[in-house]
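Let's walk through this one together, starting with the whole chain and then zooming in on a couple of local details.

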Amino acid sequence: MMKRKCVRSFFVCLVVVSVAISFVPVTSSVAGDKTTEPVLWVTHVERKANGSNKTAAVVLNGAVTIHEIEILKWGIKFPYYQARSGVEIPQVEIDTTVDAGRDLISRIKEAIRTGKPDSRSGKLKIKYRIGEVRLTRGNSGRKANINVTFNGVLVITVGVMDGISKRTGRPYKFISWPSRNAGGDWIEQVTITNMQLKSAIDRALMREYDAARTEMKQEEQKILFEEDK
């Protein structure tokens, strides 16, 4: 089911869509209540140390890898984007308002502490939901931010890049999963390692982005038409 809402004063169009995918194999299904979502298991964990900086990477259900998890004295910190203003914008979050989210964060911490993955007792399945398309303003190539929720509890923020390359003059449009710029090199912070799953999610994200952009343009044209009356 899809709900769209356009705010005319800011020319912003938001799209909310509920989509779910199961893996393996990848099949469409209807998103259910969070309490019925399949469990996310830590299937691999790796710790790294660079001087006093300690990080970890975990793989969930053999399909979603979260890199550069900071290991701190008080716990762990997931990847984030630091804006020019200094504000830290989360790129990976876990919904700890539900039991499944609290259980997942506890198991991730334990896996990082011990260096051992979960001893799982269930099948590896992935479901995802596409959240609202939050269109941006300004001249940045990042034209939208969208949340993708896995198994009801893991929320990853992705971007839609859309524009004209200053270097080549050619148009581009693609889905940008969380990464950071390190001296011109982009380091991945989240990786969808199952290509079938990633392709399905990317296509769904692009469809909703295109729909939001089209609706926003239609609303702008409507406003201009009404002003010309």
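Predicted model: local features only at pLDDT ≥ 70, side-chain atom pairs only at ≥ 80, totals over all residues.

A residue is called buried under 20% relative accessible area, exposed over 50% and partly exposed in between, using a 1.4 Å probe and protein chains only.

Numbering runs from 1 along each chain as its sequence is written, and side-chain values use heavy atoms, with hydrogens and water left out. The pLDDT (the predictor's confidence in each residue, from 0 to 100) averages 83 over the protein chain, and 80% of the residues score at least 70. Over residues 1-32, though, the pLDDT is below 50.

Now for the secondary structure. The protein chain has two helices and 18 strands, taken as DSSP runs numbered from the N terminus (helices H or I, at least four residues; strands E, at least two). Strands pair if DSSP finds at least two bridges between them; strand 16 (residues 179-182) and strand 17 (residues 185-188) do this in the antiparallel sense over four bridges. Ala 182 sits opposite Asp 185 of strand 17. Two residues lie between the strands of this hairpin, and Gly 183 has a positive phi near 65 degrees.

What about aromatic rings? A search of the whole structure turns up one aromatic pair. The ring centres of Tyr 172 and Phe 174 are 6.0 Å apart and their planes are at 45 degrees, so the pair is tilted. For Phe, Tyr and Trp (its six-membered ring), pairing means centres within 6.5 Å, with planes under 30 degrees apart stacked, over 60 edge-to-face and the rest tilted. Tyr 172 is partly exposed at 26% relative accessibility, and Phe 174 is partly exposed at 40%.

Methods. Contact = heavy atoms within 4.5 Å.
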